[in-house]
Amino acid sequence: MNRLLLRVARRGGALLPTRADFAVMARAPRRDLLAGLTVAIVALPLALGFGVSSGLGAQAGLATAVVAGGLAALLGGSNLQVSGPTGAMTVVLVPIVARYGPGGVLTVGLMAGVLLIALALLRAGRYMAYVPAPVVEGFTLGIACVIGLQQVPNALGVAKPEGEKVLAVAWRSVTAFVDAPNWTALGLSGGVAVVMLAGARWRPTVPFSIVAVIAATLVAQVLHLDGAAPIGALPAGLPTPSLAFLDVSTLGSLLAPAVAVAALAALESLLSATVADGMTVGQKHDPDRELFGQGVANLAAPLFGGVPATAAIARTAVNVRTGATSRLAALTHALVLAVVVFAAAPLVARIPLAALAGVLLATAIRMVEVGSLKAMARATRSDGLVLVLTAAATLVLDLVYAVVIGLAVAGALALRAVARQARLDQVDFRADLPGEHSDEEHALLAEHIVAYRIDGPVFFAGAHRFLLELAEVADVRVVILRMSHITTIDATGALVLKDAVHQLRRRGIAVLASGIRPGHRQVLASVGALELLHADGAEHSTTPEAIAAARTLLERDGLLLPARHSARHRARPVHHPHRSGKAAAPAGPAADRS
């Protein structure tokens, strides 16, 4: 027990910041401060909007951006990552807020933080590389659709209808708008979205989101527009950390949502860090430290009235493009937002909800990379299917089911593709036949001996398909299995091979094997297949040895004359019915003897 605790302590110490992390922050402070200010300007309307979308209010989004943004920047594994509330996390939180209120968010955040820290200690960050790209693209597309649909009530200026399914809520909002149109809200949200999308094409480096929000707020205030409902009063400052809302009785029912939040935070954060690395030269994130930083951030943010957070790809990209070189930029972003919380809360409270809805609508549209979607859909039918299924599941079900479905389908299709690589080819064994033989003797041997080479993986997904063909070999006396080209074999494959050998031997056909790899012997032995191949000297190191043993068997059965008499007594080939199986493949290279 003491050893385990010591190992955990050492591992935890390795996840903490080092002097080198702080030394980098002093190299180009001006660039980092400017980058942080720019990111804060971009992040302000997003933090407000995602806070409103979560159901806990704009102040929850700001608290998350400040607390989680600062802690993740300080403790995370990337020098350039920017964290805070995100659309994907909002999608998960909406049903939790609707059912459990602030206490549910606090509970989920604490459990998710613990899970993320545990993943960091277990060094699980490296496994992000195994998430297929179509799952990520489909997930992103589905999230973008959900974020867009969530904004429909505020964009149309109608009260949010009851319900958790975004499609149903959006449709009811449209119906309510048709009955009582609010053209002011629609104009503000549409105008903000158009300015952001057009501005991003015209001047990508200018933060048009904040420009559009300020303009919409001024228009609504100066013209006293009806239907432009503002955010409402915001507290000046962050609340005191508290566990008052924590309800221990909900721990069991909130475990699944907590796992979903932790999985989403890990997936999105590591993906964002990978994107940041690709946009720079010489930067490389530590995935386990990133999980640790996100875990601490998610433990702390709900205590201050915030929501669970994750790294934000869009804000991280802005950070990189504006010249950030260290963690100082992300820390500056959090500090600037803290100043807004303490000093500008009354001004922020006047921002119309419709304007924030426009920001998030534009953000959702910009999340969809049409080029990437087309490329993924054109790659293979399997990739296109995984992408569509993941996106549809994200929209119709929820993020947990979407990721599970995407990974399951991608895994099944990958297994099918791998299984199809396995082959059972009948080969011409004469190239490996030792000694000198006449054409007549070659023909006679070919009537009684058939050789098969097993190529590729022999495992549960495809073993039955071709090994059952082996059991149906017709009218021969000896089957030689060349096994040196098997790349991998599992228990299922070994069992099917054993059954095929049993069936052949029950029909009086001897089975010899050659070239069994050392790494495959344990699997074969565990199911009794190796013992079966050992019987009567049936296993051989090379194919020539197996052929020589096969000839000895035929001589013993009187089907061949001994080799010393073969020169004087040539046995005439005996015609046998046609054997089933694939056509003989050309002989392999001379060096391939096993």
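**Notes on a predicted model: helix packing and a few residues**

1. Let's start with a helix pair: the axes of H3 (residues 29-54) and H4 (residues 58-75) cross at roughly 125° and come within 6 Å of each other. That angle makes H3 oblique to H4; angles under 35 degrees count as roughly parallel, over 145 as roughly antiparallel, 65 to 115 as roughly perpendicular, and the rest as oblique. Axes here are lines fitted to C-alpha atoms, for helices over the stretch in contact, and the angles run from 0 to 180 degrees between N-to-C directions.

2. Who touches whom here? On the H3 side the contact is made by Leu44, Ala47, Leu48, Gly51 and Val52, and on the H4 side by Ala58, Gly61, Leu62 and Ala65. Contact means heavy atoms within 4.5 Å. By class, the contact of H3 with H4 has 7 nonpolar, 2 polar and no charged residues. For those classes, Ala, Val, Leu, Ile, Met, Phe, Trp, Tyr, Cys and Pro count as nonpolar, Asp, Glu, Lys and Arg as charged, and the others, Gly among them, as polar.

3. Before going on, a word on the ground rules. This is a predicted model, where local features need pLDDT of at least 70 and side-chain atom pairs count only at pLDDT 80 or more, while totals for chains, interfaces and linings use all residues. Residues are numbered from 1 along each chain as its sequence is written, and side-chain values use heavy atoms, with hydrogens and water left out.

4. H4 also packs against H14 (residues 327-343), at an angle of about 160° with the axes 8 Å apart. H4 and H14 are therefore roughly antiparallel to each other, and their crossing is left-handed. From H4, Leu62, Ala65, Val66, Gly69, Gly70, Ala73, Leu74 and Leu75 meet Arg327, Ala330, Leu331, His333, Ala334, Leu337, Ala338 and Val341 of H14. The residues of this contact divide into 12 nonpolar, 3 polar and 1 charged.

5. Stepping back, the protein has 25 helices and 8 strands. These are DSSP runs numbered from the N terminus (helices: H or I, at least four residues; strands: E, at least two). Of its 594 residues, 50% count as buried, where buried means under 20% relative accessible area, exposed over 50% and partly exposed in between (1.4 Å probe, protein chains only). Among contacts between residues at least 6 apart in sequence, 85% join residues at least 24 apart.

6. Have a look at His520, in helix H23 (residues 518-526). Is His520 buried or exposed? His520 is buried, at 9% relative accessible area. Not counting residues up to four places away in sequence, His520 touches Ile486, Thr487, Thr488 and Ile489.

7. Leu16 sits in the loop between helix H1 (2-14) and helix H2 (19-24), and is partly exposed, with a relative accessible area of 39%. Leaving aside neighbours within four places in sequence, Leu16 is in contact with Arg289 and Phe292. Leu16 and Gly77 are 61 residues apart in sequence and 9.4 Å apart in space, C-alpha to C-alpha.

8. One backbone angle to check: phi of Arg123 is near 60°, a positive value in a residue other than glycine. Most residues other than glycine have a negative phi. Arg123 is in the loop between helix H5 (87-121) and helix H6 (133-150), and counts as partly exposed at 41% relative accessibility.

Conventions: A crossing is left-handed if the near helix is turned anticlockwise from the far one by less than a right angle, and right-handed if clockwise.
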